[in-house]
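Visitor: Hello! I would like a close look at a single part of this protein, and I would be glad if you could walk me through it.

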Amino acid sequence: MEYRVDHIGINAGSSQKAEQMAGLFKTLFGFAPCRLPVSHFAGDQIEIMHQNGRGQNGHIGIAVADISAAMAELTDKGVSFDLPNARYGESGRLYLVYTDLDIGGFAVHLIEKK
């Protein structure tokens, strides 16, 4: 199973703070900001949440090619998942699920990316 960091989500606490933080990433590093309904992105890999989401500091999105296989492998390692709040695509296929992990104040979720 191949895992890779897809993005880091930072809890900003408000849309105004998220916008300011995204602007700072643009000023310092040239990461283009993009406003979404619940967050701002700075480039492709830094998501700044308007409201504080999971994790004390935010979350880490881990990309996998096959989310079911990744879940099975991680379950064997003792990880559990928040299935009631998992996200499914229009076809009904699972594409995002949070784990029970908290690493350094960051929640961890898997996201399927082919």
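Predicted model: local features only at pLDDT ≥ 70, side-chain atom pairs only at ≥ 80, totals over all residues.

Which residues does V97 touch, not counting residues up to four places away in sequence?

Guide: Leaving aside residues up to four places away in sequence, V97 touches I67, M71, F81, D82, L83, A86, H109 and L110. Several of these names return when we turn to the nonpolar core: the largest one has 14 residues, and I67, M71, F81, L94, V97 and L110 are those with the most contacts inside it. At least two residues of this core come from each of β5 (58-64), α2 (67-76), β7 (94-103) and β8 (106-112). Of these contributions, α2 makes the largest, with four residues.

Now let's follow the strands. V97 has L110 in β8 as its bridge partner, and β7 and β8 pair in the antiparallel sense over five bridges. Their hairpin has two residues between the strands, and there G104 takes a positive phi near 60°. On β8 there is also pairing with β5: these two strands run parallel and are joined by seven bridges. One of the pairs involving β8 is V64 with E112. As for burial, β8 is largely enclosed by the rest of the structure, because six of its seven residues are buried, each with under 20% relative accessible area.

Finally, a look beyond this part: there is a second, separate core of seven residues, with A18, A42, I46 and I48 among them.

Definitions and conventions. Residues numbered from 1 in each chain as written. Heavy atoms only, no water. Core = buried A, V, L, I, M, F, W, Y, C linked by side-chain atoms within 4.5 Å. Buried < 20%, exposed > 50% of the residue type's maximum accessible area, 1.4 Å probe, protein only. Contact = heavy atoms within 4.5 Å. Pairing = 2+ DSSP bridges.
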